[in-house]
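Open the model in your viewer and keep the selection panel at hand.

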Amino acid sequence: MFKDFTQLGILGINRRIGEFILPYNPRHLYPLVDNKIKTYQLCLENGIPSPTHYWQVQSHGELKEMSRHLSEHASFAIKPCRGAMGNGILIVNDVNWLDNGELWSFKTSKGDLKKKDLEYFISGILSGMYSLSGLPDEAIIQEKLNSHSAIARFSYRGIADIRVIVFKGYPVMAMLRLPTSQSRGRANLHQGAVGCGVDLATGSVCHAIWQNRNITTHPDTDETLATLKLPYWEEILTMAVKCYEITGMGYLGVDIVLDEERGPLLLEVNARPGLSIQTANMAGLLPRLRLVKGQPEVLSPKKKVKFAMENFPAS
Amino acid sequence: MKSFKTLLLTLLILLPAAHIFYKVNIKKVSFIPKTSSNEWTVEIVYDLNLISEDQKKRALSLPLISSWQNQKVEIKKIISSHRYNLAPGFGSRAIEIVPDKDSNKELGKLTVLASLSKKINSQGTQTRSKVYTDKDEIRRKYINQDSLKEDVKISLLNLNNQLVVQSDDSLEKIRKIYYYITEEVLRNSSVDTLEEVLSLREGSDWGRAQLLTQLARLNKIPARINLAYKYSGEVYKGRMGDLKKSFFPEVLIGEYWYPIDIITNNFMRVPEKHFILYQDAEKVRKELKNNHIQLTIAPIMVNKVDSKTYQKKLGTVSGLLSYLSLHSLPLNQQSSFYIILLIPIGTLLLSFSRNIIGVNSFGIFTPIILSLFFIETSFLIGMAFFSLIVLIGFAQRFILDKFYLLAVPRLSILLTLVIMVYLLTSLIFSHEFSLSSDNATLNYFPIVIITIFIERFSVTFIEEGFASTLKTLMGTLFITILCYLIFRSEFLRLTLFNHPEILLSVVGLNFIIGSYKGYRLTELMRFQEITKSRHV
């Protein structure tokens, strides 16, 4: 029944957990990647560029000071510190002010919201509504990113992101995720985003899927996806490799965004990256993972990137 | 490491199998004990806390249920902090308590566990009983009306003159009295005393029984009242409903006592579905009332199997086996183990569904708790409950969310709603829903799990949309129904109860599922696009 799968080396959920996540990702390191504030600290300490945090909200009481903290920013993104799968993220595009300097209403990714709605949303994050464990969480208000012009015309609103699977510090597979009208700006495949397989050798889109079906053009913008080539490709891969070095996690999904002004920025690191990247690339992860298993763990990021670019081109 | 794992697995799976083989094929103990379904255990509690000071010093006689015609009674256990012995009394049997003279200890409660069995097919047959002892004495005793007040006697006499003709024989007189009471004296549970029944022409079971008895005695026909308990619910479903106290009179004609059913109106029949506890209810009532003794009687469980015989057989084979057998536990604990032992099987099914088939569910415990609920009630009630719970999930999403409530109070509201739904389901289906005392503990903890289920359901709904939620919901239902179908098997429950060592094998099987690194069945669909285009 699964003969084709084995032949193509498709990685299934059970093997992902049993052979890669459990043995290579030590449990005590999880907070570094599940907690976005800790990841941000690591980035700051190690000089990895990432979106600036404007305000970190720890308790419901701090919400009173919302106007003061956000007064200088016309746009921002709100996220749960320990969220997953793009849940609980709100993008604020524009802020309306009252005459007395109080925040009033917001144009957001979920429509026009009143200040009260925004407070409720953040309060929901703090209560743990979107956190992995359901435990009380913290909220992050960070800079809103502007999609890089090389990608923007392909994408429908929102910010596209680049997911790189890194095993033992070697990039093994990459995918570009483009939001659609259906995904409402979110870059998650199961929410309706487009997944584009990216040739590790060149950074060009080699294949694309939407709703688990093959496509050649973006469903909203109609742009031919195969013409998309990611700029800063080597930098992106090097950034992914560095994430392995700063977290110590053997099997990682690194999410990177391309900002128009700032270039590649580390968005988040995932200790349980999904498997749809295989469909997006029309290739199984297993042969690549097995090849990396035999490679030395300690090697300069540059050499690891070179190894990946040479060995894992689009097939 | 690998060979250690193989060894461990082999041991875990084979040991229980070998042990069961040893018990059944070598020691010749039957695989599961014989099943029976008409033997019930009831708990009879005498509350002696209110007893008067001087009564405490004297020996005290308490009425005790005994075998009678179609019903067999076996006293299993008597729990008392005082010395007691069994003695005749109350028309059948009694317990006599002998308090310590010097001690000032409270008498507390005395509990009797008794097993009752009834020939179920014998309902409704005429069940007169022969009198063997001194007939004259019984006659004297049961026509005595000394305790009646003069004015009551007069109104009884007036009524009697309207009803019977002196030339009638005893049977004819009783028949006339019976017709009068069943047709003219309405049932009203709040009218209890003879005086009231006479003036209002309505009465409770007790009141009407008294009227019949006293009218019979007035005609020199010995009469007495039986204290009976009516049982409801279906026996074969493995539980018995509540026991309701009821009374019916009996008259002595010739050599026989004849029952007169004025509850379901069958002349000379024992009312259907009744256990007779005491044949002289007046005496029992008086005794209990004078001594301030509270008597309660409640069913504990239906004995599904003949534990006693099985335990005896085990004892002859090996002392250790019989010591370790769950059959040696008190009956009420036994019945909770029948359920508890199912939980590991449920989690095993869940691991299989999730890791080998690839079906997702809301939480680990939700499907198991739900399926136990299905088992406790019925498929229909279970589904009704499940639908209501899902409805609360929607209500939370579309109504509660609009009020911007903080998390803990919101959860608290959900929990309260769950309990309300629970109450509602119980009330609507009260006739089938019996939360008998034996599994009360099991009824408390699901509420929290169900509440968390709703919370997760609602968050999934907001975050991942209707389609994804529906898929997980269907997955939850799938596992629930799978568990329900498997849990329904009486054979499985008895096997687990008899051979709890099977749990080791369950651990072993979980080990195997946990080490399975192959594909899940649902991944066939998920990655089919890759294989499709790779072949083209």
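**A strand and its neighbours**

Select strands 12 and 13 (residues 263-270) of chain A: seven bridges join the two, which run antiparallel. Helices (H or I, at least four residues) and strands (E, at least two) are DSSP runs numbered from the N terminus, and two strands pair if DSSP finds at least two bridges between them. Three residues lie between strand 12 of chain A and strand 13 of chain A, and the two strands form a hairpin.

This is a predicted model, in which local features need pLDDT of at least 70 and side-chain atom pairs count only at pLDDT 80 or more, while totals for chains, interfaces and linings use all residues. Residues are numbered from 1 along each chain as its sequence is written, and chains are lettered from A and ligands numbered from 1 in the order in which they are written.

Which residue of strand 12 of chain A is the bridge partner of I165(A)? Pick G253(A); G253(A) also stands opposite N270(A) in strand 13 of chain A.

Colour strand 12 of chain A (residues 251-259) by burial: eight of its nine residues are buried. A residue is buried if 20 or more other C-beta atoms, placed from the backbone, lie within 10 Å of its own.

**The cores**

Next, select V166(A), V172(A), C196(A), A240(A) and I256(A), which touch the most other members of the largest nonpolar core, a set of 74 residues. A nonpolar core consists of buried Ala, Val, Leu, Ile, Met, Phe, Trp, Tyr and Cys residues joined through C-beta atoms within 7 Å. Helix 8 (residues 233-247) of chain A gives the most to this core, eight residues.

Centre on C196(A). Beyond its neighbours within four places in sequence, its contacts (C-beta atoms, placed from the backbone, within 7 Å) include M175(A), L176(A), V205(A) and A280(A).

A second, separate core has 56 residues, among them I65(B), Y258(B), I262(B) and Y278(B).

Show chain B, with its 20 helices and 14 strands. Of its 536 residues, 31% count as buried.

Finally, select the contact between the chains, made by 24 residues from chain A and 19 residues from chain B. On the chain B side, helix 20 of chain B supplies the largest share, five residues.

Methods
Contact = placed C-beta atoms within 7 Å. Buried ≥ 20, exposed ≤ 12 C-beta atoms within 10 Å, placed from the backbone.
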